[in-house]
Amino acid sequence: EIERRARDLSKLPDDHPLKSLILQCLRDNQKERPDIETVKVKLLIKYSLIAEPLKKVDDVQSLQLTSFQLHDLPIPTAFPSVLCDSHLVYVFGGACVDIKDENKVQVFDLEELTWTILPQPT
């Protein structure tokens with residue numbers, strides 16, 4: 001099994017967009033493997049980027065959009081602004097329960113599927 005798996009993986013190019021996900025799923029320690037929801041979201045993201053590269057669209061009606069639910073915001077926010085840049089989704093502004101949180105920028109990494117709160121500028 002080890003030799004067969006090694007042969008199969010050697011055929012996979014280093015730059016294959018799903019290689020890191022495949023290797024994570026094959027880790028010996030089950031706690032280091034992604035759960036099924038993480039695999040599903042990563043596949044949706046990678047597949048949509050592979051299958052539908054960015055292009056000029058003349059007919060908006062012909063667009064097919066893929067959506068999925070992100071993990072909950074670390075700081076619950078109503079009516080935020082959102083900016084996507086490469087694999088990062090920036091969430092800022094809006095209304096928060098604690099007014100001190102309204103100036104914080106929350107960033108979701110589409111590759112790692114994690115949220116980060118950026119430090120406020122000093």
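Buried means under 20% relative accessible area, exposed over 50%, and partly exposed in between, with a 1.4 Å probe and protein chains only. Helices (H or I, at least four residues) and strands (E, at least two) are DSSP runs, numbered from the N terminus.

**Before you start**

What you have open is a predicted model, in which local features need pLDDT of at least 70 and side-chain atom pairs count only at pLDDT 80 or more, while totals for chains, interfaces and linings use all residues. Residues are numbered from 1 along each chain as its sequence is written, and side-chain values use heavy atoms, with hydrogens and water left out.

Colour the model by pLDDT, the predictor's confidence in each residue from 0 to 100. The average for the protein is 78, and 78% of the residues score at least 70. Over residues 50-54 the pLDDT is below 50, and beyond near neighbours in sequence this stretch has two contacts (heavy atoms within 4.5 Å) in the model.

**The whole chain**

Switch to a cartoon view, where the protein shows three helices and six strands, running α-α-α-β-β-β-β-β-β from the N terminus on. Of the 122 residues, 20% count as buried.

**The sheet**

Select S2, S3, S5 and S6, which in that order form an open sheet with antiparallel pairing; two strands pair if DSSP finds at least two bridges between them. Strand S2 (81-85) and S6 stand at the edges with a single partner strand each, so one side of each is left without a neighbour in the sheet. From one strand to the next the twist averages 20°, where axes are lines fitted to C-alpha atoms (for helices over the stretch in contact) and angles run from 0 to 180 degrees between N-to-C directions.

Begin with S2 and S3, an antiparallel pair with five bridges, in which Cys84 has Val89 of S3 as its bridge partner. These two strands form a hairpin with two residues between them, and in its turn Ser86 has a positive phi of about 60°.

Move on to S3 and S5, which pair in the antiparallel sense over four bridges; here Val89 is partnered with Phe108 in S5. Then take S5 (residues 105-109) and S6 (residues 114-118), antiparallel and joined by five bridges, with Val105 bridged to Leu118. Four residues lie between S5 and S6 in their hairpin.

Which residues of strand S3 (residues 88-92) lie on its covered face, and which on its uncovered one? Show the side chains: Val89 and Val91 are on the covered face, whereas Leu88, Tyr90 and Phe92 are on the uncovered one.

Centre on Val89, whose contacts, leaving aside neighbours within four places in sequence, include Val82, Leu83, Phe108, Leu110 and Trp115.

**Two residues with positive phi**

Select Leu113 in the loop between S5 and S6, which has a positive phi of about 55° although it is not a glycine. Its relative accessible area is 8%, so Leu113 is buried. Next go to Phe79, in the loop between strand S1 (77-78) and S2, where phi is near 55°, again a positive value in a residue other than glycine. Phe79, however, is exposed, with a relative accessible area of 77%.

Glu32, in the loop between helix H2 (19-25) and helix H3 (36-51), is partly exposed at 46%; with the same exclusion, Glu32 touches Gln24 and Arg27.

**Last stop: cysteines**

Select the cysteine sulfur atoms: the structure holds zero disulfides, a disulfide being a pair of these atoms within 2.5 Å. Cys25 is partly exposed at 34% relative accessibility, whereas Cys84 counts as exposed at 58%.
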